Amino acid sequence: MSAPDSADPRTAELAANLAAVRQRIAAAASAAGRDPAEVTLVAVTKTWPAYDVRRLASLGVTDVAENRDQEGAPKHRACDDLPLRWHFVGQLQRNKARSVASYADVVESVDRLPLVTALSRAAVELGRALDALVQVNLDPAAPAGSGRGGALPADVTGLAAAVAAAPGLRLAGLMAVAPLGEDPAAAFARLAALAADLRRDHPAAAVLSAGMSGDLEQAVAAGATHVRVGSALLGHRPPLR
Ligand SMILES: *Cc1c(COP(=O)(O)O)cnc(C)c1O
């Protein structure tokens, strides 16, 4: 595939959006007394074509994320010549663990023990080492054992220990999405406290993936090392087909 041309209007649009997002990260970092270089921008490319991934890579983006294996696997294949780190951020079924483990460098959505087992087995069989983040459900009203979109805070320590002990997986840290209807700063403060607890037992688990297009400032203020940005970079998502 030919390299993107900077005169291409979509590439120019992405370049402008990227500059604006980098500016927001820099401003938030400086307001928090942090070095902006501590914050990695992960471009969430779900629903957008593989050629947008190529455009973003040509503009200096190093990390991309997908949330569905059916979309992530072919997009990765179309872009596997690019020097990118691939993150998986969606709800993951056990029967997709092997496919995701074949192309993801980071699985951010590890939220239950059977998934730890499945990812570990797949990584070992494929001869890969995966970074794994424990996804935390920050919704204070989440029912115990609901398992949708993250482990409950009380379950993080045990799940993290299982990841740390699993061959083929490296416990890299925590990920969360701020719940709707709550001040993201309050939710991210709870996440930061969990991350500090985690680092006491696992000093190398330093990744804190938090913040999206609408709340990256609050996440950077709370110590996020990774922000996952979709619509502010790529535009509003086209409807799913
Ligand atoms: C889609 C998605 C994002 C990006 O959301 P935007 O609001 O478009 O920036 C971040 N994290 C996860 C887990 C997502 O599914």
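**Cores, a helix pair and selected residues**

Arg112 touches Leu92, Gln93, Arg94 and Leu159, not counting residues up to four places away in sequence; contact means heavy atoms within 4.5 Å. The model is predicted, so local features need pLDDT of at least 70 and side-chain atom pairs count only at pLDDT 80 or more, while totals for chains, interfaces and linings use all residues. Residues are numbered from 1 along each chain as its sequence is written, and side-chain values use heavy atoms, with hydrogens and water left out.

Arg112 sits in the loop between strand 4 (106-110) and helix 5 (113-126). Helices (H or I, at least four residues) and strands (E, at least two) are DSSP runs, numbered from the N terminus. The relative accessible area of Arg112 is 25%, so Arg112 is partly exposed. Buried means under 20% relative accessible area, exposed over 50%, and partly exposed in between (1.4 Å probe, protein chains only). Gly150 is 38 residues from Arg112 along the chain, and their C-alpha atoms are separated by 8.0 Å.

Gly158 belongs to helix 6 (residues 156-165). Gly158 is partly exposed, at a relative accessible area of 48%. Between Gly158 and Arg199 there are 41 residues of sequence separation and 14 Å in space, C-alpha to C-alpha.

The largest nonpolar core has 69 residues. A nonpolar core is a set of buried Ala, Val, Leu, Ile, Met, Phe, Trp, Tyr and Cys residues joined through side-chain atoms within 4.5 Å. Leu119, Leu174, Leu191 and Val227 have the most contacts inside the largest core. With neighbours within four places in sequence left aside, Leu191 contacts Val136, Leu138, Leu174, Ala176, Leu208 and Ala210. Another core, of nine residues, lies apart from the largest one; Val42, Ala65, Val89 and Met175 are among its members. In soluble globular proteins, nonpolar side chains tend to be buried together.

His226 is in strand 8 (residues 226-229). With a relative accessible area of 14%, His226 is buried. Beyond its neighbours within four places in sequence, His226 is in contact with Thr40, Val42, His87, Val207, Leu208, Ser209 and Ala210. Asp131 is 95 residues from His226 in sequence and 14 Å away in space, C-alpha to C-alpha.

Helix 1 (residues 9-31) packs with helix 2 (residues 50-58) at an angle of about 55 degrees, their axes 10 Å apart. Axes are lines fitted to C-alpha atoms, for helices over the stretch in contact, and angles run from 0 to 180 degrees between N-to-C directions. The two helices are therefore oblique to each other. Angles under 35 degrees count as roughly parallel, over 145 as roughly antiparallel, 65 to 115 as roughly perpendicular and the rest as oblique. Helix 1 contributes Arg10, Thr11 and Leu14 to the contact, and helix 2 contributes Asp52, Arg55 and Leu56.

Thr45 is in the loop between strand 1 (40-44) and helix 2. Its relative accessibility is 0%, so Thr45 counts as buried. Leaving aside neighbours within four places in sequence, Thr45 contacts Val53, Leu56, Val64, Ala65, Glu66, Glu71, Lys75 and Leu234. Thr47 lies in the loop between strand 1 and helix 2. Thr47 is buried, at a relative accessible area of 14%. The phi of Thr47 is near 75 degrees, a positive value in a residue other than glycine. Most residues other than glycine have a negative phi.
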